[in-house]
Amino acid sequence: MEYIIGDIAINVEDSGTGDPTLVFLHYWGGTSRTWFSVISDLKPDYRCVAYDSRGWGLSEDSIAGFSLEELAIEAKGVINALRVSNYVLIGHSMGGKVAQLLASQRPEGLRGLVLVAPATPTRTHFPQAALQQQLHAYDDRSTVLQTIDFLSAKSLAPETVEQIIEDSLSGSPAAKRAWPTIGILEDISTEVSKIEVPTLIIAGGRDRLDSVDQHEREVLSRIRGAEIFVIPKSGHLIPIDEPKELAFAIRQFVRKRM
């Protein structure tokens, strides 16, 4: 379903019933479909809301910008448009950094935070060669396949690979460029220290982009009372590599802490 958030048409997938609502934010290169296998396990017990962030999937592009603050405002706009009043925010990678910023603002109705292989709240600087790889990660089918090979620790089903390729190539030029040149460079570490809701960090034991040690050092240490759970056989694409284990971890967290 399409909702106008600000002046941008955002594609939203709303399924399941139950309280609290689980709100999912996808990674750079993903769409709401990244979460579908996870949601399939959770929607019998919870209302699940996932959306295509601006410039990705079926959502419109934006001329307003792609800063973390603008993406957090977008997430809050989706939550308000759907009249969600009691929810857990679940963000993956880029979506995890957006979720950290939104949670630090202590929005009404937020009950918990799940950070799935989250990007660090501090600035990340890549060497020029690595930056160029990021900037061209989603140029065409061949570069997306290389990116999948790096981010995933699994031999994925052909239909899953095709979905990831389609999602990654759906990004507008501005959306593809924004994360490596804007979002990843923003330092929100001071804001993240203000998070007060129960927080679970979920890490992939085979993640070659963001290691378990990095999550412990850069994220866990900054959020009071946060916990970390490691899925040993997963790479960075936890919602795709290990959707059932991820859904189980989310369910256990919500049951324990809500």
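# A friendly note on this structure

1. Contact here means heavy atoms within 4.5 Å. The side chain of T143 also reaches the backbone oxygen of A137 at 3.2 Å.

2. Before going on, a word about the model. It is predicted, so local features need pLDDT of at least 70 and side-chain atom pairs count only at pLDDT 80 or more, while totals for chains, interfaces and linings use all residues. Residues are numbered from 1 along each chain as its sequence is written, and side-chain values use heavy atoms, with hydrogens and water left out.

3. Where does T143 sit? It is found in helix α5, residues 141-151. Helices (H or I, at least four residues) and strands (E, at least two) are DSSP runs numbered from the N terminus. T143 has a relative accessible area of 17%, so it is buried. With a 1.4 Å probe and protein chains only, buried means under 20% relative accessible area, exposed over 50%, and partly exposed in between.

4. Of the 24 residues that line it, Q134, T147, F150, L151 and L209 are the closest to its centre. The search uses a 1 Å grid over the protein atoms alone: a cavity is a set of points where a 1.4 Å probe fits but cannot get out, a pocket is an open set with protein on both sides within 12 Å along at least five of seven lines, and lining residues have an atom within 4 Å of a point.

5. H236 lies in the loop between β8 (227-231) and α10 (238-241). Is H236 buried or exposed? Its relative accessible area is 1%, so H236 is buried.

6. Now look at helix α3 (residues 94-104), where 11 of its 11 residues are buried. The cover over them includes β3 (21-25), α2 (68-81), β5 (87-92), β6 (110-116), α7 (173-181) and α8 (189-192). From the side of α7, the buried residues are A175, K176, A178, W179 and P180, and these pack against α2, α3, α4 and α6 (158-169).

7. S93, in the loop between β5 and α3, has a positive phi of about 55° although it is not a glycine. R106, in the loop between α3 and β6, is another residue other than glycine with a positive phi, near 50°. S93 counts as buried because its relative accessibility is 8%, whereas R106, at 47%, counts as partly exposed. Elsewhere, the peptide bond from D19 to P20 is cis, with omega near 0°, and P20 is in the loop between β2 (8-15) and β3.

8. Which residues touch the most other members of the largest nonpolar core? Of its 55 residues, they are L25, V78, L89, L113 and Y138. Another core, of 24 residues, lies apart from it and has F24, W35, I238 and F253 among its members. A nonpolar core is a set of buried Ala, Val, Leu, Ile, Met, Phe, Trp, Tyr and Cys residues joined through side-chain atoms within 4.5 Å.

9. One last pair of checks. E162, in helix α6, makes a polar contact through its side chain with the side chain of R141 at 2.5 Å. At 37% relative accessibility, E162 counts as partly exposed.

Terms used: A polar contact is a pair of N or O atoms within 3.5 Å; within protein, one must be able to donate a hydrogen and the other to accept it, and residues adjacent in sequence count only if both atoms are side-chain atoms.
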